[in-house]
Amino acid sequence: MSGHESTYVPKTGVEKWLDTRLPIVRFGADYMSLPTPKNLNYWYTFGAILTVCLMIQIITGIFLAMNYVPTTAGAFASVERIMRDVNGGWLLRYVHANGASMFFIAVYVHMLRGLYYGSYKAPREMIWILGCVIFFLMIATAFLGYVLPWGQMSYWGAEVITNLVGAIPLIGEPILIWLRGGPAIDNATLNRFFSLHYLLPFVIFGVVVLHLWALHTSGQNNPVGILIPKDREKKDMIPFHPYYTVKDGFALLLFMTMFAVFVFFMPNALGHADNYIPANPLQTPAHIVPEWYMLPFYAILRAVPDKFGGVLAMFGAIGVLFVLPWLDTSKVRSMRYRPTMRIFYIAFVINGLILGWCGGQLPDAPVIGNFSTFNLIDGDLNSFLWLTRFATLYYFAFFFVLLPFVGLKETPLRIPLSISEPVLRGPDAMSGAVPAQAEKKG
Amino acid sequence: MAESVVTNEAHHGAPGGPEGEATRRDFIHIAASAAAVGAGVMVAWPLINSMNPAADTLALATIDFDVSKVMEGQQVVITWQGKPVFVRHRTAAEIQRVIADNNASDLKEPQTDQERTKVGHEPFLVVVGSCTHLGCIPTFGTGDFGGWFCPCHGSHYDASGRIRKGPAPLNLVVPPYEFTTDTSVRIG
Amino acid sequence: MTISIRKVLGVAVAATALAVSAAPASAAGGSKEPRKAGFSFEGPFGTFDQAQLQRGYKVYREVCSACHSMELMSFRTLGEKGGPFYDPKAASPADNRFVRALAAEATINDIDTEIGEPMTRPGTPADKFPSPYPNRIAAAAANGGAAPPDLSVMAKARHDGANYIYSLLSGYVDPPAGLTVNPGQYYNPYMAGDMTPFWTGDHDAVPKGGFIAMPPVLNPDQVTFDDGTAATVDQMAKDVAAFIAWSSEPKATERKQAGMGVLAFLAIFTGLTYASYRKIWKNVGH
């Protein structure tokens, strides 16, 4: 936190010697003693969980790379050799493959938490934007990694996603060929994807450091969403260690238990059976779908009838997150005190799940029952095509219509003066609809 | 949503309860920390172990070879576990010379020729073709002792594969092998 | 606090539900859901039945391997712990006498190390299962254009793999009247496909299933099981499905057993951390 006084006192001679030359121990100690709001709930533990997810992916990835062969002839067999012959290789590979899914579960919870408590608002815009950069890099890394086993879904996923670039007018085609290193997805593509898949996690690590730096500069948000005034710091803040190390640790272990259930008892449940069929450039699987965590964006891509338009919509759905801090006009951070917006927020989460559901279905399939209603432009109203379109519309309306206008029109609940107040006065004290006062304190 | 809220505002800072509970409190923290260390070891082991030879590598540990293919006075180099193995069919003169040298004073690792061959198959010498100095492959039939000479740093081996001169500390290694028939050896 | 844990778990459940809902919609027409064979290896505690794996290997070797390769399988794997020919007395899978004998039955293409010409030799435990065709093109050419798929990981490459293989092999039926079957193809209700274009009957009652280039290959008593089990089509289909399920993931039993240990450890570790957490937060939270 800005203005956080260093409390580290070097004790031994070695520590003193080091402290005047490279104050790395001081850095770690200050990090651990960082004053943190004491009302952070379990939704705030996902930052620590994500850090561990990143480390797990990097470490298992390094060891997997020791046995992986990035050639079209050898990739599939080398992955199965890891599964069969390398000591504990099945464990490394299943942890890495399921770890990607766990990483995305955690990042979606983390982002939705930030959205709910207004963690993107001033003075924390940079934390949010760096987080969006991490999210974008995660998607890229996950996509590159999914190609490496060289199964049918790997190959056709790479085919379809690289073709998105080809949708760019005029320059699309040359860029596409450059990206693939040839007219088709082949050895050159696989080899460069492997190289980039190895590189990007370290880039993510670097951005995570910046993300934390920004966090420690502008301070941790909290569920009440108010800035903690200087004179309340002693009462409302506690040092990060041991309070949040142990709380994050407990939440992490619950998360790891879920992770272990997937790795040891249903390791292929989150994947697709077709990816155990070696890549065949002459035969497309009957129904190709991306990994579950990409489905909402894949649905948005398919919602737009125009090829380039679909690509723009999909990247726009991620891009809009970057400008979120300037779309929300409300002075109140936490949606706990914004009853109207809170309903739209819950609808947004459900809408995201619907988009994910749509992304895994055939566009023409009926949503309810097995009947058709009437044809609207290019598809039946009772089809996933139209459900996807309505959901896409809500996704963008949430950012471009609801956040700007509800923020101007709504009447927020009265906001407590300190994070301790809700307890002292009981929950009834919060229900009166009194306009927001909080920002006067900030 | 307000789950973690404060009842005792005055207390802030050091964790824990009253003094009397110190022992039990410490035990919990120590046990939790010990479990964390245990978890670290449990995580580290599969990672380290994954770098050990894999099952397919270990499965290639034995090979069969027909020694009747080696002409007298010649050697054949075969590959065993990724390393060269010399199978040498020695002449009577060569055998005579190495037996005479069994007690030579320049042997760094004294061994008799009989210890390095199989009874009844004395003409055949099977050694790993990797210099015991730093692993180069010695060249056949050169050097001061009629065995091998390592071109990298000048080690001289006799026709029993024993180090006689130069920086190598040990004799050429005899791999585990046996004659499965009169003319067939199984190495490994 | 407890509410919050429930919420966290709720998120986990929701994420799982999302993942499950991501399973692909079946194509129009679709195929019949596989019948349940009731395999011993299902569930978190299930293990493979060694006698069944041995029977299944025999069916693969005597029937399937005429057309289907298992390129990722080595003979030595048969002797691994939990495998069909595991022998606790053998020093290693490669030393296993059953494995050595089975490997020696196979003819392996190799290169003569002295003259560099192609040659054949008896197999060793380190060898992979030999393939019936030299390459994919040859396999396709010999089978009317459709290369028989490799079976190494087949149980993982199909939804509900083991039950699917069992159902498909034992599920051939005569095509319903009104279905046009092209020469060289066979109707199977468990095969993926869309029968609409070939169906002349009622458009709302298109039969489920698809066309498969593989004829019904299993006939009663085609294989003589060494343990005296009656070789019915159902039995052979079930046994070979179990064998392929094992070969698709030979480490599955080891994985589940390790998982039990990991979950037990995590339960203790989580409990200790929770106790530690309650102590530390005693005078702050609640």
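Start by selecting helix α12 (residues 295–303) and helix α15 (residues 339–359) of chain A. Helices here are DSSP runs (H or I, at least four residues), numbered from the N terminus. In this predicted model, the two pack at an angle of about 70°, with their axes 7 Å apart. The axes are lines fitted to C-alpha atoms over the stretch in contact, and the angle, from 0 to 180 degrees, is taken between N-to-C directions. α12(A) is therefore roughly perpendicular to α15(A); that label covers 65 to 115 degrees.

Show the side chains at this crossing. From α12(A) come Leu295(A), Pro296(A), Tyr298(A), Ala299(A) and Ile300(A). From α15(A) come Gly352(A), Leu355(A), Gly356(A), Cys358(A) and Gly359(A). Two residues are in contact if their C-beta atoms, placed from the backbone, lie within 7 Å. Seven residues of the contact are nonpolar, three are polar and none is charged. Nonpolar means Ala, Val, Leu, Ile, Met, Phe, Trp, Tyr, Cys and Pro; charged means Asp, Glu, Lys and Arg; the others, Gly among them, count as polar.

A note on the set-up. Residues are numbered from 1 along each chain as its sequence is written, and chains are lettered from A and ligands numbered from 1 in the order in which they are written. As the model is predicted, local features need pLDDT of at least 70 and side-chain atom pairs count only at pLDDT 80 or more, while totals for chains, interfaces and linings use all residues.

Zoom in on His110(A), in helix α5 (residues 89–116) of chain A. Is His110(A) buried or exposed? His110(A) is buried, because 21 other C-beta atoms lie within 10 Å; the cut-off for buried is 20 or more. Now pick its contacts. Leaving aside neighbours within four places in sequence, they are Phe46(A), Gly47(A) and Leu50(A).

Move to His211(A), in helix α9 (residues 187–218) of chain A. His211(A) is buried too, with 21 C-beta neighbours inside 10 Å. Residues up to four places away aside, His211(A) touches Ile127(A), Leu130(A), Gly131(A) and Ile134(A).

**A second pair**

Select His96(A) and His197(A), also annotated "binding site" in an unreviewed UniProt entry.

His96(A) sits in helix α5 of chain A. It is buried, with 20 other C-beta atoms within 10 Å. Beyond four places in sequence, His96(A) touches Gln57(A), Thr60(A), Gly61(A) and Leu64(A).

His197(A) is in helix α9 of chain A. This residue is buried, with 21 other C-beta atoms within 10 Å. Which residues does His197(A) touch, not counting residues up to four places away in sequence? They are Thr141(A), Leu144(A), Gly145(A) and Leu148(A).

**Last stop: confidence**

Colour chain A by pLDDT, the predictor's confidence in each residue, from 0 to 100. The chain averages 91, and 94% of the residues score at least 70. Then select residues 427–442 of chain A, where the pLDDT is below 50. Beyond near neighbours in sequence, that stretch has 24 contacts in the model.

Key: A residue is buried if 20 or more other C-beta atoms lie within 10 Å of its own, exposed if 12 or fewer, and partly exposed in between; C-beta atoms are placed from the backbone. Angles under 35 degrees count as roughly parallel, over 145 as roughly antiparallel, 65 to 115 as roughly perpendicular and the rest as oblique. UniProt positions are given in the numbering used here, feature names are shortened, and annotations may be inferred rather than shown by experiment.
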